[in-house]
Structures are given as structure tokens and as C-alpha cells.
Amino acid sequence: MIKIAIIVGSTRPGRKAPAVAQWVYDAASQRTDATFEIVDLLAFDLPLLDEPMPPAMGKYTKPHTIAWSEKIAAFDGYVFVTPEYNHGPSGALKNAIDFLYREWNNKAAGFVAYGSAGGTRAVEQLRLIMAELQIADVRGQVALSLYTDFENFATFKPAPVHAKPLAAMLDQVVAWATALKPLRG
Ligand SMILES: Cc1cc2nc3c(=O)[nH]c(=O)nc-3n(C[C@H](O)[C@H](O)[C@H](O)COP(=O)(O)O)c2cc1C
């Protein structure tokens, strides 16, 4: 069975990301073609990248890197739940991505983003990063608005219109994660 991680891409106090990730999980877990798990960056308590060797060499020295590596390696694909900070993804998410390399290779990914413009600029930056990690990023994405999907800019109340793009993105992530299986050996 294909395994997909739903990565909570914000770590700040009062973050919106866990509520968004839970919404993704609630929809995804109805599916029978893959299993899904929420992976919260906060739980890994990663410092700023502190490994002496480049991650592509896989020579990790710190317990937090090894724990993060083991978690990420266990999945066939990812759904990145990301805020938009200064027109990019959060620093916490970029830092967590940078910690690893081979664990990401030949996997698939989709995005659920939120912001004043649906987090689309953060996702465009993430798509550039995916190429270097050899992650196949699918076309489908969910663009949530701070104005219309969060009551008083705070409480997550997604408009029903997002259900279809969410399902389409999950379809694509599962399909590509499955198709890339032979490359993962
Ligand atoms: C450092 C910072 C920069 C931000 N920059 C943007 C931005 O460029 N575009 C945008 O739509 N929202 C921006 N915001 C607003 C965030 O989208 C909003 O605070 C959101 O709740 C952040 O996600 P989080 O609560 O999960 O951390 C920014 C917020 C912060 C904290």
C-alpha cells in the first residue's frame, strides 16, 4: 500500500497549518488506495541545519536528523501543507526539506497552501525546490484564501469548492507515487 505523509509546514505558535493538515487527512483517509499520516515538523524540533556533510551523502550525525530521515524515508509521497511567508514557503519547512536528500528522491508530491493569494507563490517556489530533490510534483494543488477560508482570518472553515481540487491532487499524488515505485527499487 502506498504511504503518503501530510507534512505540517509551519511551526510558529498559533499556526493554522495543523487545522489545514487535519482537513486534508480527513478527506484522504476515506481513500482505499493509500494510507496517510500527518507528519508535524514541530514534533521533530529540528534546529537550523547543523549537519557537517551535505545531506546527499547521507552521513548524518545528529539524533534529530536520523529521526527525521527515518520518518521521511518511510513514505512514497508527500502532501506539503504550507503557509506563505514573504511570497515563499516557511523557513521551517525549507530547513526541514534541506536536512535530507535521498529520502525524497523518486517520490511524488502535491501542495495545499494558504495565504492572501492562496499561498500560490509559496508553492511556485516549492516546485523549483522539488526538481532538485527529484520529487515529481503534481499539477493539482489546493489554494486556500485567508479571506474566505478562515473565519476572522483565524478559524479554518474551508469553502466546499476546495473538496474537488483536493481530491484531484490526492489522485495525482497517489498515481505518481505508485508509478515511480520501480525507480525506488
Ligand atoms: C513572516 C510572515 C510573512 C508572511 N508573508 C505573507 C505573504 O507573503 N503572503 C501571504 O499571503 N501571507 C503572508 N503572511 C500571512 C500568513 O499567510 C498567515 O500568517 C498564516 O496564518 C501563516 O500560516 P501559519 O499560521 O500556519 O504559520 C505572512 C506571515 C508571516 C508570519
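Two strands pair if DSSP finds at least two bridges between them, and helices (H or I, at least four residues) and strands (E, at least two) are DSSP runs, numbered from the N terminus.

I note that this is a predicted model, in which local features need pLDDT of at least 70, side-chain atom pairs count only at pLDDT 80 or more, and totals for chains, interfaces and linings use all residues. I count residues from 1 along each chain, as its sequence is written.

**Strand E4.** I looked up the neighbours of E4 (107-115) and found that E3 runs parallel to E4, with seven bridges joining them. The bridge partner of Gly77 in E4 is Ala108. Between these strands the chain passes through helix H4 (residues 91-98), and this β-α-β crossover is right-handed (with the strands pointing away from the viewer, the path from the first strand over the helix to the second runs clockwise). On pairing with E5, I found eight bridges in the parallel sense, and Lys107 has Ile135 as its bridge partner there.

**Burial in E4.** I then checked burial (20 or more other C-beta atoms within 10 Å of a residue's own, with C-beta atoms placed from the backbone), and nine of the nine residues of E4 are buried.

**Leu133.** I found Leu133 in the loop between helix H5 (120-132) and strand E5 (135-145). Leu133 counts as buried because 20 other C-beta atoms lie within 10 Å. Leaving aside neighbours within four places in sequence, Leu133 is in contact (C-beta atoms, placed from the backbone, within 7 Å) with Tyr101, Trp104 and Asn105.

Terms used. A residue is buried if 20 or more other C-beta atoms lie within 10 Å of its own, exposed if 12 or fewer, and partly exposed in between; C-beta atoms are placed from the backbone. Two residues are in contact if their C-beta atoms, placed from the backbone, lie within 7 Å.
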